[in-house]
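I opened this structure to look up its ring pairs and its strands. My notes follow.

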Amino acid sequence: IIMSINIFLRRRALLSNTVSLYNTVIGGQGTITTTAGALESLLGLTSGDVSYFNINGNDIEAKIDVDYTLTNSLFKNNTTITSYKDTDEHVVEIEDQCFRNATNANDFLLLGALIIGTLVFRNTAITTITLNATSIGSNAVRDCGSLVTFDARFTTSTLGNNSLDNNVFLGCTSLATVNCALVLETNNAGGRDGDIAYAEDTLGATINYF
């Protein structure tokens with residue numbers, strides 16, 4: 001019994017150490033970006049910023065040790081990427097059109113990004129997305145026809161470029177729930193932000209203010 005317990009503990013420790021080796025998973029890119037140096041070049045990092053790199057199936061597993069920005073159009077029209085998960089919140093900004101038309105991308109964990117540019121997730125396969133961003137650009141999730149839940153509770157002024165626009169959720173025909181900041185209930189001359197009004201009145205989504 002003692003031997004069995006020891007074996008179990010060693011296996012658990014090994015699994016724990018393996019998981020802790022990486023903080024970033026990029027799905028579907030393992031045959032495209034095949035080395036740590038190539039990943040550093042792709043993301044605009046310095047040599048040595050990726051301290052662990054592994055290909056698991058067709059997914060990249062990496063440990064990135066610095067904060068960085070996902071730059072303009074970085075994965076635009078990339079139909080092989082399936083996910084981008086940053087568990088240590090090193091991605092601090094996502095620039096315009098970064099994942100636009102990445103039609104198979106459906107899993108994002110990017111809670112460290114405080115600025116989301118325009119058209120960032122347009123026409124992706126997301127069903128739910130949670131963002132901690134204080135600024136979210138116009139058309140951010142436009143044409144995401146599978147999107148059911150949009151959770152962005154920390155926007156400080158408007159969705160999109162201004163309180164009148166209603167383009168963030170255009171084409172989001174499955175949208176059912178929007179969780180958003182309380183400021184969006186009254187930022188449009190005392191009325192709802194244009195994007196919130198569109199989500200509620202045109203798409204029939206339930207709006208929850210926080």
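I counted ring pairs and got seven aromatic pairs; rings of Phe, Tyr and Trp (its six-membered ring) pair if their centres lie within 6.5 Å, with planes under 30 degrees apart stacked, over 60 edge-to-face and the rest tilted. I looked at Y84 and F99: the ring centres are 6.2 Å apart and the planes stand at 65°, so this pair is edge-to-face. Y84 is in strand β5 (residues 83-86), while F99 is in the loop between β6 (91-94) and β7 (107-109), 15 residues apart, so the pair links distant parts of the chain.

The model is predicted: local features need pLDDT of at least 70, side-chain atom pairs count only at pLDDT 80 or more, and totals for chains, interfaces and linings use all residues. Residues are numbered from 1 along each chain as its sequence is written, and side-chain values use heavy atoms, with hydrogens and water left out.

Is Y84 buried or exposed? I found Y84 buried, at 0% relative accessibility (buried is under 20% relative accessible area, exposed over 50%, partly exposed in between, with a 1.4 Å probe and protein chains only). F99 is also at 0% and counts as buried. Ring pairs join Y84 and F99 with F75, F108 and F121 in a cluster.

Next I turned to the strands (DSSP runs of E, at least two residues, numbered from the N terminus; two strands pair if DSSP finds at least two bridges between them). β2 (residues 50-56) runs antiparallel to β3, joined by six bridges. I saw N54 opposite E61 in β3. β2 and β3 make a hairpin with two residues between them, and G57 in the turn has a positive phi of about 65°.

Terms used: Helix = DSSP H or I, 4+ residues; strand = E, 2+ residues; numbered from the N terminus.
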